[in-house]
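Visitor: I am new to this structure. Could you walk me through a few of its features?

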Amino acid sequence: MVREDVHTTGIPVLCVSCEARHRGVCGALNPDQLLALSKSTMRHKADAGKELVSDSRSVERFSNVLSGVVKLTKTLSDGRQQIVGLQFAPDFLGRPFQAESSLTAEAATEVELCSFPRQALERMMKEQPDLEHRLLEQKLRELDQARDWMVALGRKTAAEKIASFLLMIARSIDPAAGPGRRNSTFELPLSRAEIADFLGLTIETVSRQLTRLRGENVIRIENNRHVIVGDIGRLAARAGD
């Protein structure tokens, strides 16, 4: 079924209001290609804690993150896990041309995903070079973010690490908000223990630095996890950006 109007003629209803269609990988597809892909697409929600992709398991479907936060972890040989990244809308969940996942992806919050068969997308990539280019751009952006995070973990102080973590969420949590936004409100997607694990800090240090930021009125925290950033510029300054 397709909604016809001057702005969305030929666009599947499933895709009309999707942020990933504009900023994500689907932005490289024309209406006919979107319609073809939508025939095998499934839009669904997952509760916090649900495993979305399993480490060392075959990958049958890729997904666009439409809302919420996805936690990426790497499992060591002795069973320990390390959080290696977070994904937000409209990030692409999966790695094309890889039959098995090398990471575990878990819903850190309630998430909404748009999923499609791996083979369908890989076939479309061969037919549409712009789609492959868009995926490459996104993966290179993820690589740049990983390098920036290496700097944060290796060189920044504990205070700067916490501020950088909050700044990443504030800038990424709402895909519809423009880059010039001055404030942000969000639920912390990780527990204090998970934040400590992600940043290489102790739980006590995480709590102390959050309290310090709150005491300096850089952030407000309600109900333990609801964060309000009144001035993103001030938070960026605390992060050393």
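This is a predicted model: local features need pLDDT of at least 70, side-chain atom pairs count only at pLDDT 80 or more; totals for chains, interfaces and linings use all residues.

Visitor: Which residues are buried in helix α7?

Guide: Buried means under 20% relative accessible area, exposed over 50%, and partly exposed in between (1.4 Å probe, protein chains only). Helices (H or I, at least four residues) and strands (E, at least two) are DSSP runs, numbered from the N terminus. In α7, residues 192-199, the buried ones are Arg 192, Ile 195, Ala 196, Phe 198 and Leu 199. Seen down the axis of α7, they fall within an arc of 165° (taken from the directions from the helix axis to the C-beta atoms), so they line one face of the helix.

Visitor: What do the buried residues of α7 pack against?

Guide: Their partners are β5 (81-88), α5 (129-155), α6 (158-172) and α8 (203-215). Just after α7, Gly 200 has a positive phi of about 70°.

Visitor: Is Thr 73 buried or exposed?

Guide: Thr 73, in strand β4 (residues 69-75), is buried, with a relative accessible area of 5%. Contact means heavy atoms within 4.5 Å. Leaving aside neighbours within four places in sequence, Thr 73 contacts Gln 81, Gln 82, Ile 83, Val 84, Leu 103 and Thr 104.

Visitor: And how accessible is Leu 140?

Guide: Leu 140 lies in helix α5 and is partly exposed, at 43% relative accessibility.

How values were computed:
Residues are numbered from 1 along each chain as its sequence is written. Side-chain values use heavy atoms; hydrogens and water are left out.
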